[in-house]
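Here is a set of questions and answers to work through with the structure open. Keep the sequence to hand.

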Amino acid sequence: MTPPPYPPLPDLILEPLVRAALFEDLGSHGDITTCTVIPAGTRTRGAIRAREGGTASGMGLAALAFRLIDPDLRLEVLIPDGTPFAPGDTLARIEGCAAAILSAERVALNFAGRLSGIATLTAAFVAETRGTATRITCTRKTTPGLRLVEKQAVLHGGGFNHRVSLSDAILIKDNHIAAGGGIRPVLQAVKARASHMMRVEIEVDRLDQLAEVLEEGGAHVVLLDNMDTDTLRQAVAMARGRVVLEASGNMRLSRIAEVAATGVDYISVGALTHSVPVLDLGMDF
């Protein structure tokens, strides 16, 4: 199942992230290499090219990095976010002040490489669910400060987003259950206190816990944590569509097809953001 297209995040959100990265890279004295060896007024043309195939993401941040250094740079994105590309493809072309291009190059490539890596890995997981109704979703295991753009990259890869922050939904994990006195007490607390507009998810790792959740009620989604494939299949049969089921825990790419075949609604994969390899992109003059 392919999610609908999503609009790019506004510069109001992206600019603080890119500014922070540029400050970090330029340090207290700016790009002293470029200032030393590139004559003032030198102009050039460059291209961001793929050293390997994948799915694009982060091109808006890359463009913004160049614009913040020099608004007069001319950048044309040829392969927009969410688009597959092959090794050797040109993702973007840029023209203007050579010093500005060189000073923004690494920050631009860092954003585009990492986010394209997330989109590419997500697309690989999504491909394993073809022919089923199961959706791939991310988690909150993101790089601090980059969650919004990393979750956007998951969308670019064809995946779906879990909650963005602790304030989006009630997700009762095993430690909440332990500290709150058990499954029934925490669900009773939700029913007594939570807004009718708030979605509720609860984690279980055994079928008897799932049965308790279904009997007590109060949850819209049940997270089936670290269950083997046969147990997941039994959980789907027990739930009979009464709640949304999310499989989670050590979800490797090689296992996704068999998990999707059990009939779970979602498979959440922390590796999409916490263990993703950066895609190899480079700038060629």
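Q: In what order do the six strands of the open sheet with parallel pairing stand?
A: This is a predicted model, in which local features need pLDDT of at least 70, side-chain atom pairs count only at pLDDT 80 or more, and totals for chains, interfaces and linings use all residues. Residues are numbered from 1 along each chain as its sequence is written, and side-chain values use heavy atoms, with hydrogens and water left out. Strands are DSSP runs of E with at least two residues, helices are runs of H or I with at least four, and both are numbered from the N terminus; two strands pair if DSSP finds at least two bridges between them. The six-stranded open sheet, with parallel pairing, has the order 6-11-10-9-8-7.

Q: What angle does the direction of helix 9 make with that of strand 10?
A: Helix 9 (residues 229–239) packs on the sheet, with contacts (heavy atoms within 4.5 Å) to strand 9 (221–225) and strand 10. Its direction makes an angle with that of strand 10 of about 170°.

Q: Which residues of strand 9 are buried on each side?
A: Buried means under 20% relative accessible area, exposed means over 50%, and partly exposed lies in between (1.4 Å probe, protein chains only). Five of the five residues of strand 9 are buried, so the strand is largely enclosed by the rest of the structure. In a regular strand the side chains alternate between the two faces of the sheet. One side holds Val-221, Leu-223 and Asp-225, and the other holds Val-222 and Leu-224.

Q: Which residue in strand 9 is the bridge partner of Val-204?
A: Strand 8 and strand 9 pair in the parallel sense over four bridges. The partner of Val-204 in strand 9 is Leu-224.

Q: Which elements are included in what covers the buried residues of helix 8?
A: In helix 8 (residues 207–216), the buried residues are Leu-207, Gln-209, Leu-210, Val-213, Leu-214 and Glu-216. Their cover includes helix 7 (183–193), strand 8 (200–204), strand 9 and helix 9.

Q: Which strands stand at the edges of the four-stranded sheet?
A: This open sheet has the order 3-5-1-12, with antiparallel pairing. An edge strand here has a single partner, so one side is left without a neighbour in the sheet. The edges are strand 3 and strand 12.

Q: Which residue in strand 5 is the bridge partner of Arg-49?
A: Strand 1 (residues 43–50) and strand 5 (residues 90–97) pair in the antiparallel sense over seven bridges. Gly-46 has Ile-94 as its partner in strand 5. For Arg-49, the partner is Thr-90.

Q: Which residue of strand 12 stands opposite Ala-50?
A: Strand 1 and strand 12 (residues 281–284) run antiparallel, joined by four bridges. Opposite Ala-50 stands Leu-281.

Q: Is Pro-71 buried or exposed?
A: Pro-71 lies in the loop between helix 3 (59–69) and strand 3 (74–77). At 65% relative accessibility, Pro-71 counts as exposed.

Notes:
Axes are lines fitted to C-alpha atoms, for helices over the stretch in contact, and angles run from 0 to 180 degrees between N-to-C directions.
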